[in-house]
Structures are given as C-alpha cells and as structure tokens.
Amino acid sequence: MATKGLIEAKEFCTYHHVEYTFIDSLSQAGLIEIRATSEGTYIPETELQKLERMARLHTELEINLAGIEAITHLLRRVESIQEETRNLRNRLRRYEED
Amino acid sequence: MAFIDYYKILGIDKSASEKDIKSAYRKLARQYHPDLNPNDTESNKKFQQINEANEVLSDPEKRKKYDKYGENWQHGEEYEKYSQQQQAQGGQQYRGFGGGGGQGFENYEDFGGSGFSDFFEQMFGGAGGRSSGRQAKYRGQDYNAELKLTLKDVSETHKQTLAVNGKNIRITIPAGVENGQIIKIAGHGGPGVNGGPAGDLYITFLVAADPNFKRDGANLYTTAKLDLYTAVLGGEVTIDTLSGKVKIKVKPETQNNSTIRLKGKGLPVYKHEGHSGDLLVTYDIQMPVNLTEKQKELFTELSKSK
C-alpha cells in the first residue's frame, strides 16, 4: 500500500509521548480518521493538525478523552461563530457611513 | 523591563506549596491554552506568562533564587557586593546571580524567540537555564501579524513579502480574501523549547474600506450619478469598476435609486477560480439647479401635460 501523505502512528506516538491507545480511542470516538493496514496504522496528513492539538490537550493539560471530545465540538462551534461574526461585520460595513 | 510577580500571575501567595502551584497552573493553563483560544492574542500572551511563572515556581532552585531577590532582581550584582560586605561583618550570605546588568531590555510583554520574557532570560539565563532534570517540551509561541490590503489588492491573487520577527516570508494572497480573514502559516511562529514544535504564524487581512465601493462577499455596490434628462430620455453613463471604466446604456424613464447589475464586475470569489461576484450600481438622479427662465417655462408646460 502506498504511504504517501501518511504518517506512521508509531512515529507520532514516539514524538508526542502518547500511547497508541490514545490514537485508537480518538479514532473510535470518530474524532480522527486513521488507516489500518497489514503493515501498520497510519495517520493521514490532513488529520495531523487536529491530532496534534488533541495530543497537546492530553499531555499538556491532562484532559481525558471525554474532555477532548467536548472541547473539539465546542471549538468547532467557536470557529463557526467567529466566522459568522466576521461575515456579519463585513456586511454591516456596507451600511456604515464613510 | 519590569519585575514580574509570578505569584500574582498564578494567583497564589508566597507560602504556596508545590501542590498549590501545580493546581493553580493547571487551572489557568486550561483557561488560556492557545489550543482552547483560537485567534486570541491576549490569551496567548497570558498563557506564556503562566507557563513562565510555573517554570520558575515549580522548580525549587529557581523559586529560591526568585524569592531571594524578588523585586531587587535588577540589582543582583550590587546585592552581591553588599552581601559580601555584610558577610565580612557577619551578615547573610548570598549566592551567585546569573546575568546582572539589566540594560537595553524591552518590555517584559515582548517575549523573545524562546517564548520567555526578558525578565526570565535575565534572571535564569534563558531556556538553557532550565534544570537538567526537567525537559518539558513546549510548542513555540504563535505569532500574529496583520496585513493591510486595499479592495484593488483583493481583486487579484498576488504574492507579498512580509517581515515577521526579522524573517522575510513570501506569501500568496488569494483573490477575494475577506476583511478579518485569518490564514495560518504552520511552523512560522516562535521556535519550540526543548525540541518542541515551532508555533504557527497567523496573518489577519485587514481590507480597508473603499471610498467608491461597498462590499458584501464577492459583490460590490456603488452609486452612479445620473442627470435628470438621461434618466428620463435614456442614454449612456460611464461607471467606475475595479477593473476600469465601463460605458453602459441607461434605459428611458430610469427611476431614482433603481439598481442595475453588472455581471462579473465584482470581486473574484475566494478560492473559486473563474468565478466573480457582480457590481450593483444604484442610480442617484441629480435634479437640475439654476434653471433659466426658458427651462422653467418648459418644465411648467411639461407639468401641464400630466
């Protein structure tokens, strides 16, 4: 199987000092996507940023899986609200006096 | 460079135990961690301060040193001499103080590339001054930069060079970016500490308001002045667009405040090559002024024909 654009889960765990079970639990909770093959488990590059953030929350702030799940959902909402606010502000500029 | 009260930053008093420090740090870190506060510069800054306070107070040696000099940290060398004199006279003995000097430093809020304040670097010799047993990895600080653009800049994809912390970074600015939109350039923030990853660079685009055009997404709005006669009888009018002047036909009996749509004359749609918004032109019909007697007569005649 071609592994271009994939990072070996083992390598990620070593670098970030997390157990493989951490990645597995995140995957089972539907928070990240991993690729399991006969050669090993891989993380798509597109998932890396998300996974790194979760690993930091886990190692730096000692947040458990349930907490990470809740935070991830809330952050998604925050980001979407921030974007909506920005769009509304920009639309309001149309009606502001110069 | 001001003295930093690490106890105050963590909200604890000087008699706090190791457990108290750990607990206060964890509580604040969970509140201000950059991953929990996306695009929030203030939280980022606060998190750096909390980290630094924890770095000092959770390390018994650093804490001892910090407690000893306290607000007099800047006069460490003078203290040293004074203490030696005192010692000769049977006074208290002071240990060495790394650094000394204290000249040419910036405000403590300006965290250097190491992610620590100048105060910290001065007192403990920078990140290298960490005790060997504690090698916690820290992600580098995220940098925030603002880039001012005009509406014209936004109308086409172009490259621009930015100077961020002494480094030149060439970035591509896609056409159609919104005011306030933030892009992340991974790994271009501050360097990580103890092998931690570098932070990211966040660039906020500030698109200045344009005197001629208002914007709503990819659509642009403008007003065109039209004289009464052209509005009534029809004709042509020249309108400014972002890509230059265009001549358009005016229908007879055009009403004041009516709007026409010039397809594709707006801004490019962000990351949708080949798609552009429209330019909506609202007519502002100008009433004639300083009428001659003859003109008044003609208008009177006209009014009778209603």
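Guide: The model is a predicted one. We can begin with A:His17, which counts as exposed, having 10 C-beta neighbours inside 10 Å.

Visitor: What makes the backbone of A:His17 worth a remark?

Guide: Its phi is near 55 degrees, a positive value in a residue other than glycine. Most residues other than glycine have a negative phi.

Visitor: Which loop holds A:Glu62, and why does A:Glu62 carry its exposure label?

Guide: A:Glu62 is in the loop between H3 and H4 of chain A. With 11 C-beta neighbours inside 10 Å, A:Glu62 falls under the rule of 12 or fewer and therefore counts as exposed. Phi of A:Glu62 is also positive, near 55 degrees, and the residue is not glycine.

Visitor: How do you know what to call B:Asp210: buried, exposed or partly exposed?

Guide: B:Asp210 has 17 other C-beta atoms within 10 Å. Buried needs 20 or more and exposed needs 12 or fewer, so B:Asp210 is partly exposed. B:Asp210 lies in the loop between strand E5 (201-207) and strand E6 (214-216) of chain B.

Visitor: What share of each chain counts as buried?

Guide: In chain A, 17% of the 98 residues count as buried. In chain B, the value is 24% of 306 residues.

Visitor: Which elements make up chain A, and in what order do they run?

Guide: Chain A has four helices and three strands. From the N terminus on, the order is β-α-α-β-β-α-α. Chain B has nine helices and eleven strands.

Visitor: What makes E1 and E2 of chain A edge strands?

Guide: The three strands form an open sheet in the order E1-E3-E2 (chain A), with antiparallel pairing. Strand E1 (6-8) and strand E2 (35-37) of chain A each pair on one side only, and that makes them the edges. Neighbouring strands of the sheet are turned by 35 degrees against each other on average, direction ignored.

Visitor: How do you know that E3(A) is paired with E2(A) and with E1(A)?

Guide: Two strands pair if there are at least two bridges between them. E2(A) and strand E3 (residues 40-44) of chain A have three bridges, so they count as paired, in the antiparallel sense. E1(A) and E3(A) also pair in the antiparallel sense over three bridges. A:Thr37 stands opposite A:Gly40 in E3(A), while the bridge partner of A:Leu6 in E3(A) is A:Pro44. A hairpin joins E2(A) to E3(A) through two residues.

Visitor: Why are H2(B) and H3(B) called roughly antiparallel?

Guide: Helix H2 (residues 18-32) and helix H3 (residues 41-57) of chain B pack at an angle of about 165 degrees, their axes 9 Å apart. Angles over 145 degrees count as roughly antiparallel, and H2(B) and H3(B) therefore get that label. Their crossing is left-handed. Residues making the contact include B:Ile21 and B:Tyr25 of H2(B) and B:Phe47 and B:Ile50 of H3(B). By class, this contact has eight nonpolar, two polar and one charged residues.

Visitor: How many residues does each chain give to the contact between A and B, and which element of chain A gives the most?

Guide: The contact takes 17 residues from chain A and 17 residues from chain B. H4(A) gives the most on the side of chain A, with nine residues. That side has five nonpolar, two polar and ten charged residues.

Methods. Residues are numbered from 1 along each chain as its sequence is written. Chains are lettered from A and ligands numbered from 1 in the order in which they are written. This is a predicted model: local features need pLDDT of at least 70, side-chain atom pairs count only at pLDDT 80 or more; totals for chains, interfaces and linings use all residues. Axes are lines fitted to C-alpha atoms, for helices over the stretch in contact, and angles run from 0 to 180 degrees between N-to-C directions. Angles under 35 degrees count as roughly parallel, over 145 as roughly antiparallel, 65 to 115 as roughly perpendicular and the rest as oblique. A crossing is left-handed if the near helix is turned anticlockwise from the far one by less than a right angle, and right-handed if clockwise. Two residues are in contact if their C-beta atoms, placed from the backbone, lie within 7 Å. Ala, Val, Leu, Ile, Met, Phe, Trp, Tyr, Cys and Pro count as nonpolar, Asp, Glu, Lys and Arg as charged, and the others, Gly among them, as polar.
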